[in-house]
Amino acid sequence: CYAELASSVPTAGSAYTYAFATLGELFAWIIGWDLLLEFGLGLAVVSRSWSSYLANLFGLPQVLFGETAPVNIGAVLIIAVLTVVAVIGIRESARLTNILVVIKLAVCVLIIGVGVFFINAANLTPFVPPAVPVPEGGSVLEQPVVEGVFGLPATAYGIGGMLTAAAVVFFAYTGFEALANLGEETRRPERDMKVGLLGALGVCAVLYVLVSFVLTGMVHYDQIDSGAPLAGAFNSVGLPWVGALISLGAVTGLTSVMMVELVTIGRIGFAMGRDGLLPAPIGTAHPRFGTPHRMTIIGAVVIAAIAATTPISELADMVSIGALSAMIIVAIAVPVLRRTRPELERPFRVPLSPVVPVLAALACFYLMLNLDLLSWVRFAVWLVIGLVVAFGLPWWIYPP
């Protein structure tokens with residue numbers, strides 16, 4: 001669905017712009033505000049993980065760089081550095097990202113190629129751990145919505161746990177959405193967008209599955225180090241040098257992820273400011289560098305404050321619920337735009353539309369139901385804040 005829309009409407013804003021073109025201003029605002037949540041909190045999550053791997057690599061103090069740090073200095077520092085690169089220009093950002101991605105892919109291949117020899121079949125049996133009741137005393141807010149809707153008992157692991165996990169880590173697959181935001185800065189969007197989107201998603205899916213299989217084969221699922229899981233796995237089998245290389249690869253790989261997310265935040269804010277849904281100055285580019293510098297800097301400051309103080313576990317669910325809701329809008333936009341703009345040139349077309357878009361929307365909604373109620377409450381609060389920003393702020397900060 002993204003490939004069809006991005007190749008047909010190559011513009012900054014991705015899902016936000018598609019919603020504006022098909023569903024109107026209100027839906028566009030909601031989805032734009034939603035995307036800022038997705039990429040902003042995603043950047044916060046990854047920056048904290050980056051900090052943990054950096055501490056693992058250089059033996060830095062956990063009180064400053066670890067997941068238990070009161071103020072995560074590492075997360076703040078990397079966001080500050082990447083903000084400078086993002087403001088200087090898209091070419092510099094792209095060059096840095098390309099170098100980091102090559103290193104990241106090499107590390108993924110190293111993990112798979114070496115780790116496969118240390119897989120213990122006992123760690124993979126049973127392949128899906130059986131469901132177990134959640135200990136009494138847990139809050140109803142921490143229960144997946146789907147359990148409450150269907151009256152199912154609160155459990156961990158099992159098929160239900162696997163679906164909940166899929167929903168929680170869904171943000172790891174949202175990088176292709178960042179590509180869609182660069183349509184205006186692509187030389188041949190009608191060709192490059194569909195190849196980039198589908199190719200990137202396909203390669204990442206294969207690598208993620210293989211890396212996850214190797215990791216859970218090396219270490220029992222309940223003994224995985226949540227801060228630096230891959231490095232910890234190789235340390236546990238007596239290969240600290242591989243763990244060190246993985247930490248280095250993770251630091252560089254996560255840097256590329258943060259770079260893309262920061263660039264995307266700037267482009268989404270720029271598109272919303274240009275359309276009058278955010279203060280007009282946000283929708284202007286830097287006179288020298290040509291980048292959306294104001295939104296990039298504002299977003300970086302807010303995200304750095306969040307990353308400094310909020311644990312990964314409290315951020316991940318919010319990132320995924322934002323990503324999934326955005327993808328529902330994109331899936332709906334495909335058949336709507338085909339009906340309202342049948343003459344629009346579409347270099348790539350979703351097969352079996354509207355069946356595939358409808359199934360995609362339903363699948364995303366079902367994954368959202370596997371997130372806990374607290375995530376839904378926080379998501380609702382974020383949308384209310386967005387509506388206040390959109391319709392409650394003084395009219396003079398917006399263009400006439």
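## A tyrosine with positive phi

Tyr 157 is partly exposed, with 38% relative accessible area. Buried means under 20% relative accessible area, exposed over 50% and partly exposed in between, with a 1.4 Å probe and protein chains only. The model is predicted: local features need pLDDT of at least 70, side-chain atom pairs count only at pLDDT 80 or more, and totals for chains, interfaces and linings use all residues. Residues are numbered from 1 along each chain as its sequence is written, and side-chain values use heavy atoms, with hydrogens and water left out.

Tyr 157 sits in the loop between strand 2 (155-156) and helix 8 (158-168). Helices (H or I, at least four residues) and strands (E, at least two) are DSSP runs, numbered from the N terminus. Tyr 157 is not a glycine, yet its phi is positive, near 65 degrees.

The loop between helix 14 (312-340) and helix 15 holds Pro 354. Leu 352 lies in the loop between helix 14 and helix 15 as well. Leu 352 has a positive phi of about 55 degrees, although it is not a glycine. Leu 352 is exposed, at 66% relative accessible area. The peptide bond joining Ser 353 and Pro 354 is cis, with omega about 10 degrees.

Another cis peptide bond runs from Thr 125 to Pro 126, with omega near -5 degrees. Pro 126 belongs to the loop between helix 6 (90-115) and strand 1 (132-133).

## Helix 15 and the cysteines

Helix 15 covers residues 355-369, 15 residues in all. From first C-alpha to last it reaches 21 Å, close to the 21 Å expected at 1.5 Å a residue. That expected span is 1.5 Å times one less than the number of residues. Pro 357, Ala 361, Cys 364, Leu 367, Met 368 and Leu 369 are buried in this helix.

A disulfide is counted when two cysteine sulfur atoms lie within 2.5 Å. The count comes to zero disulfides. Cys 364 is buried, at 10% relative accessible area. Cys 1 is partly exposed, at 23% relative accessibility.

## The second largest pocket

The second largest pocket holds about 530 Å³ of space. On a 1 Å grid over the protein atoms alone, a pocket is an open set of points where a 1.4 Å probe fits, with protein on both sides within 12 Å along at least five of seven lines; lining residues have an atom within 4 Å of a point. Its volume is the space filled by probe spheres set on the points, which are joined across faces, edges and corners.

The lining has 23 residues; Trp 33, Leu 36, Met 295, Val 302 and Trp 382 lie nearest the centre. Helix 3 (25-58), helix 13 (293-309) and helix 16 (373-392) each supply at least two lining residues. Helix 13 gives the largest share, six residues. The lining divides into 20 nonpolar, two polar and one charged. Here Ala, Val, Leu, Ile, Met, Phe, Trp, Tyr, Cys and Pro count as nonpolar, Asp, Glu, Lys and Arg as charged, and the others, Gly among them, as polar.

Helix 13 has 17 residues and reaches 25 Å, close to the expected 24 Å. Its buried residues include His 293, Met 295, Gly 299 and Ile 303. Helix 3, helix 5 (73-88) and helix 12 (240-274) are among what covers the buried residues of helix 13.

Ser 375 lies in helix 16. Ser 375 is buried, with 2% relative accessible area. Leaving out residues up to four places away in sequence, Ser 375 touches Asp 317, Met 318 and Ile 321. Contact means heavy atoms within 4.5 Å.
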